[in-house]
Every structure is written in structure tokens, then in C-alpha cells.
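Subject: Structure handover

Hi there,

Here is the structure I promised to pass on to you. Have a look at it first, and then read my notes below.

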Amino acid sequence: EYSTNGFADELQTTVITASTLASPLTYAWTVPDAIGTNLKVRISDAADATVTDVSNGTFTIKGALVLTSPNGAETWIVGQSQNITWNRTGSIANVKLEYSTNSGSTYPNVIIASTGAAAGTYGWTIPDAIGSQLRVRVTDVSDATVNDVSDANFTVKGSVTMTAPNGGETWVVSSSHDITWTKTGTIATVKLEYSTNGFLDELATVVIVTSTDATGTPASTYKYTWTVPDAISSSVKARITNTADVAVTDRSDTNFKIAGALTLTAPNGTEQWTVGTPQTVSWTKTGSIANAKLEYSTDGGTTYPNTIVASTLNAGTYAWTVPDTISTTLKVRISDVNNANAFDVSNNNFKIQMALF
């Protein structure tokens with residue numbers, strides 16, 4: 001028999017076995033869930049209860065805890081929710097959870113002082129404890145000697161998320177735009193890059209800035225003001241990387257465009273050009289637009305059904321022999337042959353008049 005109060009009374013006495021052979025002088029006992037520090041065992045002659053003996057002193061029955069996650073090699077991200085899990089043996093009521101950032105040398109960081117042990121799980125919002133030497137400890141609240149820790153270190157990382165450009169934008173060469181991001185964890189600086197082929201390979205990757213402040217105040221202002229380069233493409237993505245950990249990175253979700261710009265300077269309104277005379281259509285450009293298309297409208301720019309030239313070298317001028325299209329509501333449109341959305345038109349109507357001899 002055993003007692004959980006040292007046989008102070010018989011109410012807490014439990015039979016281990018009513019009868020077993022005495023001659024082996026041993027009995028294999030599966031220790032019950034009778035957690036305590038005041039236990040004793042009593043042996044008696046089954047035929048004569050006066051022949052008996054008890055443990056000289058008390059002994060202890062403890063529960064057991066086994067931490068199952070995080071148990072080593074995991075990588076968890078600041079701000080995410082992860083489950084700490086454990087198995088228990090015995091009726092341990094509550095456990096304490098702590099974490100270490102020095103491979104278990106100390107556990108100064110309390111996750112929760114007491115949570116129900118029976119659940120075997122606790123949802124933990126990962127703290128800003130970036131490092132690669134973290135471990136968790138689970139401890140019986142009632143008995144600190146009953147505990148278990150992660151078998152090996154796990155890692156906590158921060159994260160960065162690109163918010164602009166994130167896909168679909170069209171940014172014009174030489175214009176100024178804010179590259180923006182969000183982050184979790186104490187990431188001090190980030191590297192910014194862009195690729196004109198969506199990072200299909202690193203050959204088309206260009207560094208925007210090697211290191212820039214990533215702290216920001218408040219958090220909504222994490223940004224870098226970028227003067228858009230002459231890298232015309234419809235398959236551009238930007239990438240942000242933690243300078244202290246290249247594994248912490250993000251890029252634009254989908255492609256954005258870098259486009260050139262065209263500005264028509266003549267005819268730009270109020271000109272009166274005569275049928276058959278040579279005139280110069282002129283423009284300026286931003287970015288390495290190779291070829292331009294020229295068209296004209298006779299309805300004040302509502303439609304442009306008339307092609308002046310389908311493609312001409314983007315030299316900034318084109319010699320146009322004025323056609324026999326007498327009108328007071330003409331406009332010219334210039335556009336990038338490779339990107340019809342990069343265009344400009346005469347600011348105001350100009351006139352084509354008949355020749356007089």
C-alpha cells in the first residue's frame with residue numbers, strides 16, 4: 001500500500017496490490033498520479049497484518065513535462081502567433097513559460113506566469129527578440145524542479161514588407177517617388193534594389209541604396225525617396241532587405257513600370273500653318289525612348305485618325321509637310337512607339353490654312 005500523508009491516517013491509503021508473492025522480494029510498480037512530497041509505502045504479510053513495515057522516510061512523486069515546440073531549428077517571425085506545445089505526465093495543474101536569448105544560460109523573460117497545463121498548448125505572439133539563440137522553458141508552477149526546455153536553439157527574425165511600389169504603378173523617369181515598407185522587429189537599416197526583369201536573375205538587379213535608415217517615426221513613415229532612373233521597362237520590381245540579415249527580405253508583389261515622358265513643344269496651339277509648307281514638329285523627352293509616333297487630330301483632340309509618321313527616331317524634331325487638311329481645330333499627338341501611354345498632345349488647337357498665290 002501507499003499513503004500520500006505518510007500514513008498519518010488511513011483515509012489516504014491506497015492498495016498497490018492485495019497479494020503478491022513475497023519470495024522475489026520485489027514488485028514492479030507503475031507509479032500513480034499521486035503527486036506529492038509526503039509519500040510512504042507499507043508492506044504487510046497478507047496472512048498476518050501485524051507483520052508489517054513502512055518506508056523509513058517520506059519520498060516524492062513528481063509529474064513530468066516535455067516541451068515539444070519550439071524544440072530547435074524553428075524560425076519564428078516577430079509579431080506572428082505561434083503555439084508553444086508540451087506533453088505532461090501527472091495532474092500538473094499549471095505551468096509557467098519563459099524564454100532565453102542566450103541558449104538557455106538564463107531565462108529572464110516570462111511569457112506567462114501561469115497557464116493551464118492540461119491544454120498542452122499556448123498561443124505566443126513572438127516578441128521583438130531577434131536572435132538565433134532562443135529557447136523556451138516550461139515549468140510546473142507548483143514545483144520548479146519539474147521543467148523542460150527546448151532541445152536546441154531556435155531563431156526569431158524580424159520581417160520587412162514592401163508596400164510601394166508593389167505592382168501596377170507607372171513611375172516616370174526622373175520623377176520622385178517614395179519607396180515605402182512596413183516591418184516587424186528592431187531592424188535598423190535596409191538595402192533597396194530594383195530589377196528590370198522582375199528579379200528573374202541578378203544580372204538585371206541594380207542597387208538603389210546600400211543602407212538606409214529603417215526605423216522611422218512613426219512606423220507609417222518608413223520610406224526612401226527615389227529619383228526614378230532611366231531604366232524604361234514594364235517588368236520592374238523593387239526589393240528591400242535587412243542589411244543585418246539578407247534572409248529577411250521582400251519585393252514588389254507584381255511588376256510596375258518605369259516609363260519615359262514626351263512633351264510636345266510645336267505645334268502647341270495658336271500656330272497658323274499653310275498647306276504644303278514644311279514645318280517642324282518638335283518635342284522634348286525624358287528617358288531613353290527610342291522611337292516616337294506622330295499623329296494629328298482635326299476635331300480638337302477627340303480622335304487621332306491621321307498618322308504623320310508611324311515611327312521616327314526620337315531626335316526631338318520631325319520635318320512635316322503640312323497636308324491639305326484645312327481646319328482651325330487641329331492638334332498633334334506624340335507617343336512612345338513601345339508604350340502608347342507615354343504621350344503628349346498640343347496644349348491648344350492650331351490652324352491649317354490654304355495657300356494663296
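The side chains of Arg333 and Glu295 meet in a salt bridge, with N and O 3.1 Å apart; the term stands for a side-chain nitrogen of Lys or Arg within 4 Å of a carboxyl oxygen of Asp or Glu. This pair links distant parts of the chain, since Arg333 sits in strand S30 (residues 327–336) and Glu295 in strand S27 (residues 291–297), 38 residues apart. Strands here are DSSP runs (E, at least two residues), numbered from the N terminus. Arg333 is partly exposed at 24% relative accessible area, while Glu295 is buried at 7%. For these words, buried means under 20% relative accessible area, exposed over 50%, and partly exposed in between, using a 1.4 Å probe and protein chains only.

Before you go further, please note that this is a predicted model: local features need pLDDT of at least 70 and side-chain atom pairs count only at pLDDT 80 or more, while totals for chains, interfaces and linings use all residues. Residues are numbered from 1 along each chain as its sequence is written, and side-chain values use heavy atoms, with hydrogens and water left out.

Back to the salt bridges: the count comes to twelve. Glu10 pairs with Arg42, their closest N and O atoms being 3.0 Å apart. Glu10 is in the loop between strand S1 (2–3) and strand S2 (13–14) and Arg42 is in strand S3 (residues 36–45), so the bridge ties together parts that are 32 residues apart in sequence. Glu10 counts as partly exposed at 46%, whereas Arg42 is buried at 18%.

Another salt bridge joins Glu202 to Arg239, again with a closest N and O distance of 3.0 Å. Glu202 is partly exposed at 47% and Arg239 is buried at 11%. Through shared partners, salt bridges join Lys191, Glu193, Glu202 and Arg239 into one network.

Next, the inside of the protein. Which residues have the most contacts inside the largest nonpolar core? They are Trp181, Trp226 and Ile258, in a core of 23 residues. Strands that each supply at least two residues of this core include S17 (176–184), S19 (205–213) and S21 (233–242). Such a core is a set of buried Ala, Val, Leu, Ile, Met, Phe, Trp, Tyr and Cys residues joined through side-chain atoms within 4.5 Å. A second, separate core of 21 residues includes Leu65, Val136, Phe154 and Val156.

The largest pocket holds about 650 Å³ of space. Its lining has 19 residues, and Thr17, Thr20, Arg42, Ile43 and Ser44 lie nearest the centre. A pocket, on a 1 Å grid over the protein atoms alone, is an open set of points where a 1.4 Å probe fits, with protein on both sides within 12 Å along at least five of seven lines; lining residues have an atom within 4 Å of a point.

Finally, some backbone details. Most residues other than glycine have a negative phi, and most peptide bonds are trans. Cis peptide bonds join Ala164 to Pro165 and Ala266 to Pro267, with omega about 0 degrees in each. Phe7, not a glycine, has a positive phi of about 60 degrees and is buried at 15%. Ala73 has a positive phi of about 85 degrees and counts as exposed at 70%.

Best wishes

How values were computed
Points joined across faces, edges and corners; volume = space filled by probe spheres on them. Helix = DSSP H or I, 4+ residues; strand = E, 2+ residues; numbered from the N terminus.
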